[in-house]
Amino acid sequence: MVFLSNAINFITYFNKSMHYPHATSANMVTNFMGTSFLLSVLGGFIGDSIFTRFTTFIVFCTIELLGLILLTIQAQNPQFRPALNEKPSQSEAAILYTGLYSMAAGVGGINASLPAHGADQLDHGNQRLISAFFNWFFFSLCLGGLISCTVMVWVEENEGWNWSFTITAIVLSLALSIFISGSPFYRHKLPGGSALTRIIKVLASAARNCKASPEERVENQYAVSAINPNTVDGKSHNKFKFLDKALIDNTISEAHVEETRTFLGLLPIFASTIMMNCCLAQLQTYSVVQGVLMNRKLHNFKIPTQSLSVLPLSIMLASIPLYEKFRRILSSKKSEKIHIFQPLWRIGLGLALASGSMAVAALVEAKRREAALDNATLSVFWLAWQFLLLGVSDMLTLGGMLEFFYSEAPDSMRSMCTALSWCSTSMGYFLSSVLVSIVNSASGRFGREWLGGNDINHSRLDLFYTLLSILNTLNFLNYMYWAKQY
């Protein structure tokens with residue numbers, strides 16, 4: 001709620017109070033969101049290597065709170081903001097960026113440490129319980145988002161946008177207090193040192209000994225692990241055989257190699273989910289632009305532009321209880337595992353639905369554009385079809401990723417591997433920006449840019465959505481290959 005309420009509010013604040021141009025303000029918001037998700041990898045590294053996940057959450061939540069308090073002070077005091085029609089001074093910009101990126105760092109650390117800490121409380125032998133936890137964790141995220149684009153939007157429009165900072169600072173303080181109060185009841189997973197350092201060491205040793213013969217590593221084949229014997233949970237994957245060459249180095253154990261093997265095995269799955277998040281980025285960008293030009297009236301009530309996210313969020317919220325109910329019914333009828341509820345199958349289904357959502361989005365945009373050129377206006381609820389598919393897709397993919405990366409990761413890297421889910425989101429947003437630039441550059445050479453200008457009625461957003469659908473289908477086939485290999 002705190003993150004999304006302010007992300008919605010920032011563009012107005014940057015533009016109207018800090019007097020940045022529209023384009024600059026939009027880029028600042030995009031950079032803030034992308035950085036927040038990317039920094040989850042740093043938070044994950046710290047949660048695995050330096051502090052417990054409990055301590056990591058407290059540290060990063062405090063950093064976010066301090067950043068939010070700094071922004072609140074600036075928003076409430078005119079002496080810390082530029083005068084009317086003037087650009088921010090260096091000191092005013094420094095206050096803004098310090099507060100903004102303290103929040104981004106805090107959000108990144110929370111995203112990495114909180115889900116891993118929550119799952120640490122559960123019996124790892126009960127995969128059904130782990131899966132349910134991540135589903136309801138995602139439900140909580142969506143609920144916070146729903147409050148952001150309904151209650152908080154109402155507050156910003158009726159009481160003033162600066163109230164957003166004050167309310168969210170109070171809410172975050174309350175959340176931190178509630179979390180700390182549970183300390184006596186938590187399981188605290190102790191950090192196991194820098195797994196990333198061990199992985200780099202294994203890769204360097206394997207590269208250095210790439211020409212060595214297998215016989216040279218016999219002496220060290222049963223080396224005693226220098227780290228926790230539970231680090232790799234007894235998992236061994238028969239792949240990346242070249243890593244065995246690292247065992248020639250007497251400072252590297254079998255456990256180190258297995259840890260590296262497991263982590264590398266997760267990366268192709270991670271890379272295969274980025275394209276889906278590129279589609280998800282359209283919910284905050286072009287889908288909103290479409291909604292602004294459509295009929296947003298519901299009887300006598302007009303849906304605010306910032307509240308258009310209510311549709312996909314409501315769909316996500318509804319889909320999670322239905323998914324849990326459906327699984328419970330099927331599980332009670334069958335004793336063996338049902339494939340569709342396994343994380344890799346779940347992610348695959350989510351990726352397939354993302355392709356379908358973009359195909360539907362292309363058809364709806366073609367219809368909307370045709371109606372607009374005939375001076376007619378379609379209802380905004382036509383967008384519900386793409387929101388439905390993309391909302392369920394996000395629920396399946398992100399929930400499946402959180403469960404998969406946590407369950408499959410080496411025990412010493414669970415926070416960092418869970419953070420890959422958020423890193424995929426960040427890279428999807430950045431990829432969306434890159435694709436828009438490439439598409440405009442390529443289409444501009446053949447006449448008119450597909451996404452050029454400010455009027456999408458004369459752009460070809462439908463063709464861009466079609467391209468995304470095709471790219472997602474190819475990505476889905478790529479994912480199937482890696483999932484089968486895994």
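Colleague: Where is the place of asparagine 85?

Modeller: Asparagine 85 sits in the loop between helix H4 (53-76) and H5; helices here are DSSP runs of H or I with at least four residues, numbered from the N terminus. Its phi is near 65°, a positive value in a residue other than glycine. This is a predicted model, in which local features need pLDDT of at least 70 and side-chain atom pairs count only at pLDDT 80 or more, while totals for chains, interfaces and linings use all residues. Residues are numbered from 1 along each chain as its sequence is written, and side-chain values use heavy atoms, with hydrogens and water left out.

Colleague: Which residues is histidine 19 in contact with, leaving aside its neighbours within four places in sequence?

Modeller: Contact means heavy atoms within 4.5 Å. Histidine 19 touches Phe14, Pro82, Ala83, Leu84, Asn85 and Glu86. Histidine 19 belongs to the loop between helix H1 (2-17) and H2, and has a positive phi of about 60° although it is not a glycine. A polar atom of its side chain lies 3.4 Å from the backbone oxygen of lysine 16.

Colleague: How is the size of an interface read, and what do domain 1 and domain 2 bury between them?

Modeller: The size of an interface is often given as the accessible area lost when the parts come together. An automatic or database domain assignment divides the protein chain into domain 1 (1-193) and domain 2 (264-485). The contact takes 40 residues from domain 1 and 37 residues from domain 2. Between them the two domains bury about 3,600 Å² (accessible area lost on being put together, 1.4 Å probe, summed over both), and 68% of this is on carbon and sulfur atoms. Phe37, Asn135 and Phe138 supply 17% of the area that domain 1 buries against domain 2, more than any other three residues.

Colleague: How many salt bridges are counted between domain 1 and domain 2?

Modeller: Side chains of opposite charge can pair when their charged atoms come close. The rule asks for a side-chain nitrogen of Lys or Arg within 4 Å of a carboxyl oxygen of Asp or Glu. Between domain 1 and domain 2 the count is two salt bridges. Across this interface, 17 residue pairs are in polar contact, both at pLDDT 80 or more; such a contact is a pair of N or O atoms within 3.5 Å, one able to donate a hydrogen and the other to accept it, and residues adjacent in sequence count only if both atoms are side-chain atoms.

Colleague: Which elements give two or more residues to the side of domain 1 that touches domain 2?

Modeller: They are helix H2 (22-38), helix H3 (40-49), helix H5 (90-120) and helix H6 (127-158). H6 provides the largest share, 20 residues.

Colleague: Why does the pair of glutamate 259 and arginine 198 tie together parts that are apart in sequence?

Modeller: Glutamate 259 and arginine 198 form a salt bridge, 2.9 Å from N to O. Glutamate 259 lies in helix H9 (residues 254-271) and arginine 198 in helix H8 (residues 195-208), so the pair ties together parts 61 residues apart in sequence.
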